[in-house]
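Trainee: Could you take a close look at one part of this model with me, starting from the sulfur bridges and then going on to the ligand and the backbone around it? I would like one connected account.

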Amino acid sequence: MTEIATHGKIHLLSEEISSRIAAGEAVERPAAVVKELVDNSLDAGSSMITVAIEEGGRRSIRVTDNGEGMCREDAQLACQRFATSKLTSDQDLFQLTSLGFRGEALPSIASVSKFRLLTLPRGECIGTELYAEGGINWTSADHSIPAGTQVEVRELFFNTPGRQKFLKSASTEFSKICHTVQQAALSWPTTHFRLIHNGHAVADFPAVLSCADRFLQVYGNRFCEQSLPVNHESGEGKLEGFISSPYHCRTTRSIQELFVNRRPVKNATISHAIYEAYESFLPKGRHPAFILFVDLDPAMVDVNVHPAKREIRFTHSHLVHGMVKQAIRRPLSQHQPDREHACSTNPHPWLGKQEMRSSQIVFPDVSAMMVQADPSQKDSPFVIRPLERESDHKSLASERASVYSVEQDLDVVPLGQVHHTFLVAQVNTELHIIDQHTAHERVLFERLWRAWTQQSVQTQALLIPEPIDLPPHEGDLLAEYLSDLLTMGLEVERFGTHSFVVRSVPAMLGPMTYSNLIQELLQDLSEWKSVNSLEKKVRPMLASFACQGAVQAGRAMTDPEIKQVVMDWGREGFPMTCPHGRRIALRFSLNELQRIFGRDPKSG
Ligand code: ADP
Ligand code: MG
């Protein structure tokens, strides 16, 4: 390190040290390197970008494009700080149309890695190779490569051990890189993207014409079927993309992608507008999934507020808020849940005439479960009541009749359904208003839990096994736990590198979208390693099964179905919350009703 001597305590840092410090801001991990390099390839007008990494990018990252390339002088300049072809005057900073503009990425990355750049401008035949370790002692040579640019970054942070320590495991870094490539692919559908990890192709998104097609490539059919398209244009700008239908909102924020002028960003104004638009459509504790592309006049957007350009600021944020809210509200209010939930076919607005799966709910016969509650487990909070009906295991039932006599007296008169969501019934002498989803969810959960604790989960093979495509990091996570899932009655088989098929499911669950279930389970599984007790691991998983397998809000139900749900819930001891803690019912005793209506109990 060379320091400039001064008389006092303060001295200027050398170029070498200051660029290493600056590197820490924009390049905090392998995924950030990938992002900067892919941004450069996109700015260079590439139609094909290949990202090849080793060990989650910790060992090497190589990004190859077929863009405009650079002549030798430009390439040498590009590796110096604040060298950019994208800004010529400071005015441009307020009218950005390129992804890069600071002229910092290449020198920053080079200063903390073993860095090689190969490039050839279109129409020329001799390419250039530049090489440096830690950003010093640059060498340059002729090199023959196809037109375009390739940047190779090896041993990131080899000279800043402090930073290297903060890198996560290869699989975590890999999943962040997958996400980065996926985000780039989403906003640049006409560019072909490939991702290769340790020599294996893990993603391949050939060029397509529209966002919708790319969306389909990235997220697959099932997710697309559950989304509503958004298309909006006004004086403020343009907004397009996809949002989850209110019935497919999630327990996590796992799919929330926002792009402003094609840049993936986080922005509180827009998130707030989206949640406000969902308002009454969103059950408590649920989150919408969205992939939204907002296009605004670049003069309205300040990108220069975050080192990695992940955050932006708007000059008129209230205008943007209003536009987003309006754009999201429209498809939500036009969406007709009853049709989706009651019809067996529903051509999706933008997937053409694809058939939706039948969402008819079949209430499985309890006797099919063969769950035998064990009275010795009465202490367990989850074993509340046995499930036998008169027809089941006569001896067992009579043996326990005295212990569980309440259920024998259950008298349920179904009175109807409100908004296809709440059941109304007279239960013995009480009036109940019951949330059909949470009640059924609780019943399924209790049954699954009992069956699991007794290792007797009955499964049912799917006639048509359902294929599910997952991004590589999720695929690896799922593959790790296939045998655990089997103990819960879910048989999933790997099928190719990132495809899986669901072969059988717990018999007691109704039909459901298995890709949703898998998504929920992946959330649960991602926390498995941090939980010690097996029971604590399994509980949320079974809750996810129950939630996905239960009748959804918005589904019309017949009187016999209402009666069965209420009976089943009653047999579980009328628990008042679902496994996620939401309320199941309001109960009014006869006394209470009489009191409310000022009726004297004795006068009749
Ligand atoms: P910025 O992108 O902010 O301009 P970078 O350090 O990322 O800064 O890149 C410096 C310059 O190098 C760019 O302005 C561009 O002219 C050139 N460059 C970088 N990567 C490529 C590439 N893949 N193809 C062509 N030119 C590139
Ligand atoms: Mg750049």
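Mentor: Happy to. Keep in mind that this is a predicted model. On the sulfur bridges, the count of disulfides comes to zero. Take Cys547, which takes part in none: the nearest cysteine sulfur belongs to Cys578 and lies 7.3 Å away, whereas a disulfide calls for two sulfurs within 2.5 Å. Cys547 counts as buried because its relative accessibility is 4%, and buried means under 20%. Cys211 is buried too, because its relative accessibility is 19%.

Now to the ligand. Ligand 1 is surrounded by 19 residues, and the closest are Asn40, Thr84, Ser85, Lys86 and Gly103. By type, that shell divides into eight nonpolar, seven polar and four charged residues. Helix α4 (residues 105-111) supplies the largest share of the shell, with three residues.

The side chain of Asn40 places an N or O atom 2.8 Å from an oxygen atom of ligand 1. From the backbone, a polar atom of Leu106 is 2.9 Å from a ligand oxygen, and an N or O atom of Ala105 lies 3.2 Å from an oxygen of ligand 1. As for cover, ligand 1 taken alone exposes 530 Å², and the protein buries 94% of that.

After α2 comes Gly45, with a positive phi near 75°.

As background, most residues other than glycine have a negative phi. Glu55 is not a glycine, yet its phi is positive, about 50°. You will find Glu55 in the loop between β1 (48-54) and β2 (60-65). Its relative accessibility is 38%, so Glu55 counts as partly exposed, a class that lies between the 20% and 50% limits. Arg262 is another such case, with a positive phi of about 70° although it is not a glycine. Arg262 sits in the loop between β11 (256-260) and β12 (263-264), and it counts as partly exposed because its relative accessible area is 34%.

One last stop is Glu480, in helix α14 (residues 472-480). At 44% relative accessibility, Glu480 is partly exposed. Its side chain makes a polar contact of 2.7 Å with the side chain of Lys529. The C-alpha atoms of Glu480 and Leu525 are separated by 9.5 Å, although these residues are 45 apart along the chain.

Key:
Residues are numbered from 1 along each chain as its sequence is written. Chains are lettered from A and ligands numbered from 1 in the order in which they are written. This is a predicted model: local features need pLDDT of at least 70, side-chain atom pairs count only at pLDDT 80 or more; totals for chains, interfaces and linings use all residues. Side-chain values use heavy atoms; hydrogens and water are left out. A residue is near a molecule or strand if one of its heavy atoms lies within 4 Å of it. A polar contact is a pair of N or O atoms within 3.5 Å; within protein, one must be able to donate a hydrogen and the other to accept it, and residues adjacent in sequence count only if both atoms are side-chain atoms. Accessible areas come from the Shrake-Rupley method with a 1.4 Å probe; for residues, only the protein chains shown count as cover. Helices (H or I, at least four residues) and strands (E, at least two) are DSSP runs, numbered from the N terminus. Ala, Val, Leu, Ile, Met, Phe, Trp, Tyr, Cys and Pro count as nonpolar, Asp, Glu, Lys and Arg as charged, and the others, Gly among them, as polar. Buried means under 20% relative accessible area, exposed over 50%, partly exposed in between (1.4 Å probe, protein chains only).
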